[in-house]
Amino acid sequence: MSRPGTPGAQPGPQWAADRAPMPTEPARAYAELAAGNRRFVSGAPRHPNQDAGHRAAVADGQHPFAVIVGCSDSRLAAEIIFDRGLGDLFVVRTAGHTAGPEVLGSVEYAVTVLGTPLVVVLGHDSCGAVQAAREAAATGVAPPGHLPAVVDAVLPSLRRATAEGVADIDGIVDIHIAQTVETLLGQSPVLADEVAQGRCAVVGMSYRLAAGVVRPVTPVPSAAATFDAPGTSDDPAASAAA
Ligand SMILES: [Zn+2]
């Protein structure tokens with residue numbers, strides 16, 4: 001397919017027609033994210049949908065194929081690690097990917113108004129928010145300012161980790177990711193209904209800072225393997241990490 005390559009050329013409907021359509025079902029959306037992460041990890045990103053033509057094409061409306069509810073960590077930039085561009089991802093980030101009312105409302109907007117078929121809760125190893133919550137719980141000293149709002153949102157995950165005998169920080173992170181998935185579904189009947197109807201899926205994923213690899217920590221859409229043959233999404237780049 002041709003691609004618009006003339007800087008300053010007038011955008012038009014034919015440009016949009018050249019674009020690959022956005023995935024509209026959960027499994028295909030998941031496969032698209034997995035493919036983008038593999039390109040990023042391998043050092044061969046395509047940087048799709050980042051050119052001026054696409055910018056103009058999506059100005060009149062957005063149809064992102066995934067919501068990313070991610071940690072705010074500066075090393076977790078969604079469009080970079082999934083090798084995507086403008087209009088692809090609806091990104092909601094807070095420290096420790098906490099899921100308060102504004103986050104829930106943002107997710108519901110994307111899923112019900114924009115028709116986004118996939119929600120990813122994206123955490124990462126060595127998460128500072130989880131570490132801060134663990135320190136606060138261990139010392140009994142609340143952090144200053146508004147930080148307790150973040151700490152308090154992570155505490156249920158810490159209690160769950162303790163109950164399950166998990167003490168290492170990355171194990172706690174995985175539990176916190178799964179807990180956030182459950183919070184989204186438990187606190188948002190609107191989202192739960194979209195999932196029950198098969199129009200949307202919610203997946204928890206964890207990112208490894210050094211390797212750049214994203215791996216699922218909760219079940220993925222059942223048909224994802226139909227569209228995607230990643231080998232494993234866990235360690236293919238670990239040996240390439242510094
Ligand atoms: Zn974090």
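**Briefing: a mixed sheet, its helices and an annotated site**

His124 counts as buried, because 23 C-beta neighbours lie inside 10 Å and 20 or more are enough for that class. The model is predicted. His124 is found in strand β3, and β3 belongs to an open sheet of 5 strands. UniProt, in an unreviewed entry, lists His124 under the feature "binding site" together with Cys71, Asp73 and Cys127.

**The annotated site**

- The four positions in the UniProt record are Cys71, Asp73, His124 and Cys127. They gather at one spot, because no two of their C-alpha atoms are more than 8.7 Å apart although they span 57 residues in sequence.
- Leaving aside residues up to four places away in sequence, His124 touches Cys71, Asp73, Leu76, Ser206, Tyr207 and Leu209.
- Cys127 sits in the loop between β3 and α6. Cys127 is buried, as 26 other C-beta atoms lie within 10 Å.
- With the same exclusion of residues up to four places away in sequence, the contacts of Cys127 are Cys71, Asp73, Gly96 and Val173.

**The sheet**

- The strand order is β2-β1-β3-β4-β5, and the pairing is mixed.
- Strands β2 (89–94) and β5 (214–216) are the edges, each pairing on one side only.
- On average, neighbouring strands are turned by 25 degrees against each other, direction ignored.
- Strand β4 (residues 201–207) pairs with β5 in the antiparallel sense over 3 bridges. Met205 stands opposite Pro216 in β5.

**Helices on the sheet**

- Helix α2 (residues 26–42) packs on the sheet and touches β1 (66–71), β3 (118–124), β4 and β5. The direction of α2 makes about 35 degrees with that of β3.
- Helix α8 (residues 169–187) also packs on the sheet, where its contacts are with β1, β3 and β4. The direction of α8 makes about 160 degrees with that of β4.

**Helix α6 against helix α8**

- Helix α6 (residues 128–139) packs with α8 at an angle of about 105 degrees, and their axes are 10 Å apart. Angles of 65 to 115 degrees count as roughly perpendicular, so α6 is roughly perpendicular to α8.
- Val130, Gln131 and Arg134 of α6 make the contact with Ile169, Ile172, Val173 and His176 of α8.
- By class, this contact has 4 nonpolar, 2 polar and 1 charged residues.
- Val173, part of the α8 side of this contact, is also among the residues that Cys127 touches.

Methods: Residues are numbered from 1 along each chain as its sequence is written. This is a predicted model: local features need pLDDT of at least 70, side-chain atom pairs count only at pLDDT 80 or more; totals for chains, interfaces and linings use all residues. Two strands pair if DSSP finds at least two bridges between them. Helices (H or I, at least four residues) and strands (E, at least two) are DSSP runs, numbered from the N terminus. Axes are lines fitted to C-alpha atoms, for helices over the stretch in contact, and angles run from 0 to 180 degrees between N-to-C directions. Two residues are in contact if their C-beta atoms, placed from the backbone, lie within 7 Å. Angles under 35 degrees count as roughly parallel, over 145 as roughly antiparallel, 65 to 115 as roughly perpendicular and the rest as oblique. Ala, Val, Leu, Ile, Met, Phe, Trp, Tyr, Cys and Pro count as nonpolar, Asp, Glu, Lys and Arg as charged, and the others, Gly among them, as polar. UniProt positions are given in the numbering used here, feature names are shortened, and annotations may be inferred rather than shown by experiment. A residue is buried if 20 or more other C-beta atoms lie within 10 Å of its own, exposed if 12 or fewer, and partly exposed in between; C-beta atoms are placed from the backbone.
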